[in-house]
Amino acid sequence: MDIFWFVLPLIFSVAFTVVIAFSPKRNLPPSPLALPVIGHLHLIKTPLHQALQTLSAKYGPIMYLRFGCRHVLVVSSPSAAEQCLSDHADVVFANRPASLATKYLSYNNTSLGFAPYGDHWRNLRRLTSTLIFSSVSLHRSAAVRNQEVRCLARKLFQGCSGSIATNRKINLSRMHYELLLNVMTATIAGKQCCMLDGMPDVTTFTNMCDYIPVLRWVGFKGMEKNLVNIHRKRDEFVQILLDEYRRNRDGFSSNKERKMMIEHMLSLQEAEPEYYTDILIKGLLQIMYTAGTHTTSITMVWVMSLLLNHPEAMEKARKEIDNNVEQGRLLEDDDLPKLPYLKCIINETLRLFPVAPLLLPHASSQSCTIEGFDIPEGTMMFVNAWAIHRDPGLWNEPDKFRPERFEGFGDEKRCFKFIPFGMGRRACPGASMGMRIMGLALGLLIQCFEWERVRDEELVDLTAASGGPTLRKAEPLEVMYRPRSTMLGLLSQL
Ligand code: HEM
């Protein structure tokens, strides 16, 4: 018996040593010292992108962390981002990590933004490209955007009783969000949105319960309960739209020649009801709102904030519009290619304030090698667009607002130093749509109205604009405006 207790540990020790000695050595990327159980979670402060930027400055642009039970790769240089998001590794990293939030907010990971890479995801991408995102579809939906933006200009004009004498105050954040809700609803269903609160915003797609699963069982901070609630409200929002559409198809379509996305989806459902279920349709509608409204309206708020702090850039944009859009008519979607400086302003805003500073998390579906480092299967990856966009080695005076730096930049395809929409297979499919909506709306606002800060002596505070760890929120922005005297005639005809 005594010998048994002596031999047993010996056998275990020898077996353990043999396994370690003969298992292939992995060359993992640099990593700070990890604590048991929590790994590196103690190093993570909010906002996450800034905490990771600080750590990367010490451990390098390819860094390996452990958030509880999850292994995390953090990429913070264009060359590393290019390796992960192009060529062979793009397929490997085309997955999304499943999380508690994505389970509830994307119908159990079946909707476009969070479905695993594979046939179902490919089908959703193809479908949305044909219905919404392709240049042909965007050209067809230009009238919808023109109409909604004019509607906004009319409301603003009415808000100041058509007078240039006094400045009126307005909450620009609310105004941009309503515009985006209306554009999205008109694009999807051909009508204006009547539920102005929209869907609850989602600011993060991973949380503590994903990293330390035991927290989920003890109901940590009511996180799961909260997600169930948000899911219920979001589901109600799209269910109402779907039910209303089914009840009153004719009442919806404002343009009989253009079949709306929702109508296409319902026709597909009639042909293939097992695949095109209500859940699939609601998932697609939800992602259009989630991915399309907050991202675009928040960026527009930042553009206006930066322009209010840099009136010379606002004036330059206005001159460009006045020189390129004939007098006596309003800016339209088709005019945007003639306004390169306006595009530079939007790009510079996206560089300084990328609305998803870590993109969306990716996950590796198999092991791979990145810049000589071994990355195991199932690793979650963050690409730190924020750090890349503010790297002084890549950008001259990176913290300064200088739209001119983007002059001539538009042709640099696959440039990984500017990635506000991501890159590769999971890159944002709505990038062109977002750029067109922002260009048109901001252009028209600049063409028709004078804009000023509420207190002239105080700059708009942009540091207050940092928010949740994944998506960034804008603070409500109040501004003063009045119609331009040269535009009174046109505005009064709207
Ligand atoms: C300023 C505007 C926008 C910005 C900055 C933006 C940014 C992004 C980013 C960073 C991603 C993740 C890319 C990655 O993980 O590598 C993304 C994904 C996505 N975006 Fe956008 N986006 C914008 C507007 C839009 C619009 C208007 C729509 C649609 C109406 C849209 C639909 C989507 C969808 C569906 C995905 C998920 C793609 C997938 O996982 O396959 N986005 N967006």
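Two strands are taken to pair if DSSP finds at least two bridges between them. The model described here is predicted.

Together the three strands make an open sheet with the order E3-E9-E8 and antiparallel pairing. Strand E3 (168-171) and strand E8 (449-453) are the edge strands, each pairing on one side only. From one strand to the next the twist averages 40 degrees.

## Helices across this sheet

Helix H8, residues 142-159, lies across E3, E8 and E9 and runs at about 70 degrees to E8. Helix H15, residues 278-309, lies across E8 and E9, and its angle to E8 is about 75 degrees.

## Contacts of H15 with other helices

Two packed helices are described by the angle between their axes and the distance between the axes. For H15 and helix H16 (residues 311-324), the axes come within 5 Å and cross at roughly 110 degrees. H15 is therefore roughly perpendicular to H16, since angles of 65 to 115 degrees are counted in that class. On the H15 side the contact involves Leu 307, Leu 308 and Asn 309, which meet Pro 311, Ala 313 and Met 314 of H16. By residue class, this contact of H15 with H16 has five nonpolar residues, one polar and no charged.

H15 also packs against helix H19 (residues 431-448), at an angle of about 40 degrees and with the axes 10 Å apart. This angle makes H15 oblique to H19. The crossing of H15 and H19 is right-handed. H15 contributes Thr 296, Thr 299, Met 300, Val 303, Met 304 and Leu 307, while H19 contributes Gly 434, Ile 437, Met 438, Ala 441, Leu 442 and Ile 446. The residues of the H15 contact with H19 divide into nine nonpolar, three polar and no charged. Leu 307 of H15 takes part in the contact with H16 and in the contact with H19.

The iron atom of the ligand has a single donor from the protein, the SG atom of Cys 428, at 2.3 Å. Cys 428 is located in the loop between helix H18 (385-389) and H19.

## Four-stranded sheet

A further open sheet has four strands in the order E1-E2-E7-E4, and its pairing is mixed. Its edge strands are strand E1 (62-67) and strand E4 (362-363), each of which pairs on one side only. E4 and strand E7 (residues 380-383) are joined by two bridges in the antiparallel sense. In this pair, Ala 363 stands opposite Met 380 of E7.

Helix H2 (residues 48-59) packs on this sheet and touches E1, strand E2 (70-75) and E7. The direction of H2 makes about 125 degrees with that of E1.

Terms used
Residues are numbered from 1 along each chain as its sequence is written. This is a predicted model: local features need pLDDT of at least 70, side-chain atom pairs count only at pLDDT 80 or more; totals for chains, interfaces and linings use all residues. Side-chain values use heavy atoms; hydrogens and water are left out. Axes are lines fitted to C-alpha atoms, for helices over the stretch in contact, and angles run from 0 to 180 degrees between N-to-C directions. Contact means heavy atoms within 4.5 Å. Angles under 35 degrees count as roughly parallel, over 145 as roughly antiparallel, 65 to 115 as roughly perpendicular and the rest as oblique. Ala, Val, Leu, Ile, Met, Phe, Trp, Tyr, Cys and Pro count as nonpolar, Asp, Glu, Lys and Arg as charged, and the others, Gly among them, as polar. A crossing is left-handed if the near helix is turned anticlockwise from the far one by less than a right angle, and right-handed if clockwise. Donors are N, O and S atoms within 2.8 Å of the metal (3.2 Å for Na, K and Ca); water is not among the atoms, so sites may look incomplete.
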